Amino acid sequence: MQSSLSLSLSSSSSINHRSNHNFDFPSIVAKPLNLNLNLRFCGLRREALSFSATSRRVQVLSRRVPSCISAALSTNGSSPKTFDYDLVIIGAGVGGHGAALHAVEKGLKTAIIEGDVIGGTCVNRGCVPSKALLAVSGRMRELQNEQHLKSFGIQVGAANYDRQGVADHATNLASKIRGNLANSLKALGVDILTGFGTILGPQKVKYGEDKVVTAKDIIIATGSVPFVPKGIEVDGKTVITSDHALKLESVPDWIAIVGSGYIGLEFSDVYTALGSEVTFIEALDQLMPGFDPEISKLAQRVLINPRKIDYHTGVFATKITPARDGKPVTIELTDAKTKEPKDTLEVDAALIATGRAPYTQGLGLENINVVTQRGFVPVDERMRVIDGNGKLVPNLYCIGDANGKMMLAHAASAQGISVVEQVTGRDHILNHLSIPAACFTHPEISMVGLTEPQAKEKAEKEGFEISVAKTSFKANSKALAENEAEGLAKLIYRPDTGEILGVHIFGLHAADLIHEASNAIAMGTHIQELKFAVHAHPTLSEVVDELYKAAKVKVHASSTVKEPVAV
């Protein structure tokens, strides 16, 4: 549906848009212009324009004109003549895709460059196919837990699985999501340029063999690859990364997993459900070092101790040799502190889950004097790229795993949306402390904000106190109905202001429950306001509700909560 908008601007009108467009509005608008604009599509809002019913004159209230209007004023929606595109995104993963969709909504002519496949790591070799495998492991655990089923009055026979069928489920899911992403880009008019992108200079990118495009702004969104420490030989069969593991070409009897973070934990859930024995090798002194310590302790009691899992902490896997000539995989362990040899393991397979490394080689960063830091592209809080002299590179941004701020797919997408807001005239800084994270084990772990030790450190530096509220899944009716009452929710907050500093949940559907807290942090909503929120009963969401109600805030709710409106 097209809306007709008549703009009447006098020669004295002053409209500031992005500097490189250099529009001379007085000469352009010598007489009223009649433009057909899709107002919904270009994101026009009442706060951007006000209309006078008597004169039909449009007054610009914002300091900047929305990009969709400036494009219409210039060449009826196409990009400025000096550039091929308003925005070029290098990398079509979740981050690049999210940025492209938001750019189109803002009226930008957009292209996305991809040298591999649409969807990037998350869709093809990460969070999407891994969730398919975890869905299978969850079903297997239910069917294998006779005592749990018996409590419902259910009786089933022995559970089994078809390895290839499980692998196909993961492959098919990735293929379906990849197709959905590609179709959404094409439907919105985003040009998909095939080939590896290289920055030739300011606002200029080469892709493929010798094709070159120019853009007003460029976003680097090239993602990451599995990090493999020195001394580890990966053969893709018996010594593997997560890329290989997601293909599920085999289910080894005994597999060592190097690293006990998100990736390692999730694969331990999959492998043990399918019958493998697992040995964790962790360089730090405790398992799950990135989680809140209290949550880690409970998760270890539920996710590790009862299962066929043992572990070595405080050691490095300094050398791993694949199985060959009838010999098993050998792993040489070294004490992390003394650096002395400690032990040698012989296993059927080894999964390297030691994190991920940014994929930034070959981007041509040297052409714009950008020096990476351990491979990461340096950026400021607005994702603007910083060069080797500490200066901002004009019109160049980097989002997602490539900048290392927060290596999560949804964080990359949020950063991309934030960048698009900036290039279309609205300053925006993403609050990374409001971005949630989740580990999709059975049960799940989720978190947002600071851990308790981090909050204590912040409080000591800034001179305030923190408090902690907790609630158990054992008190939740829905969890009890599911016979899944093992779980804990934890709230870290400031009692003087009611500000949420962090929330950590371990339990049934924890990954879904965390978003209420993450959105509260993002919107600046305090606990004294959240205490009045109503949650359906009986639902798992009441775990979070009880968490807010358990918090003791010194600020009176009446000072922040709006008066109720009678209806």
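Student: Why are cysteine 122 and cysteine 127 called a disulfide?

Tutor: The sulfur atoms of cysteine 122 and cysteine 127 lie 1.9 Å apart, and a disulfide is defined as a pair of cysteine sulfur atoms within 2.5 Å, so the pair meets the criterion. By this rule the count comes to one disulfide. This is a predicted model, in which local features need pLDDT of at least 70 and side-chain atom pairs count only at pLDDT 80 or more, while totals for chains, interfaces and linings use all residues. Residues are numbered from 1 along each chain as its sequence is written, and side-chain values use heavy atoms, with hydrogens and water left out.

Student: What makes the disulfide of cysteine 122 and cysteine 127 left-handed?

Tutor: The torsion about its S-S bond is about -135°, and therefore the disulfide is left-handed.

Student: How do you know whether cysteine 122 is buried or exposed?

Tutor: Buried means under 20% relative accessible area, exposed means over 50%, and partly exposed is in between, with a 1.4 Å probe and protein chains only. Cysteine 122 has a relative accessible area of 14%, so it is buried, whereas cysteine 127, at 28%, counts as partly exposed. Cysteine 398 is buried at 0%, and cysteine 439 is buried with a value of 0% too.

Student: What is noted about the phi of lysine 339, and how do you know whether lysine 339 is buried or exposed?

Tutor: Lysine 339 has a positive phi of about 65° although it is not a glycine, and it is found in the loop between β17 (329–335) and β18 (341–347); helices (H or I, at least four residues) and strands (E, at least two) are DSSP runs numbered from the N terminus. Its relative accessible area is 54%, so lysine 339 is exposed. Arginine 374, in the loop between β20 (356–358) and β21 (384–386), also is not a glycine and has a positive phi, of about 55°; at 75% relative accessibility, arginine 374 counts as exposed.

Student: What makes the peptide bond from histidine 442 to proline 443 cis?

Tutor: The omega of that bond is near 0°, and proline 443 is found in the loop between β23 (437–439) and β24 (444–449). A cis peptide bond also joins histidine 537 and proline 538, with omega about -5°, and proline 538 is found in the loop between α16 (527–530) and α17 (542–550).

Student: Why are β12 and β15 called edge strands?

Tutor: Five strands form an open sheet in the order β12-β19-β13-β14-β15, with parallel pairing. Within this sheet, β12 (239–241) and β15 (309–313) each pair on one side only, and they are the edge strands.

Student: Which helix supplies the largest share of the lining of the second largest pocket?

Tutor: The largest share, eight residues, comes from α6. Helices α6 (127–144), α7 (146–151) and α11 (293–304) each supply at least two residues of that lining.

Key
Two strands pair if DSSP finds at least two bridges between them.
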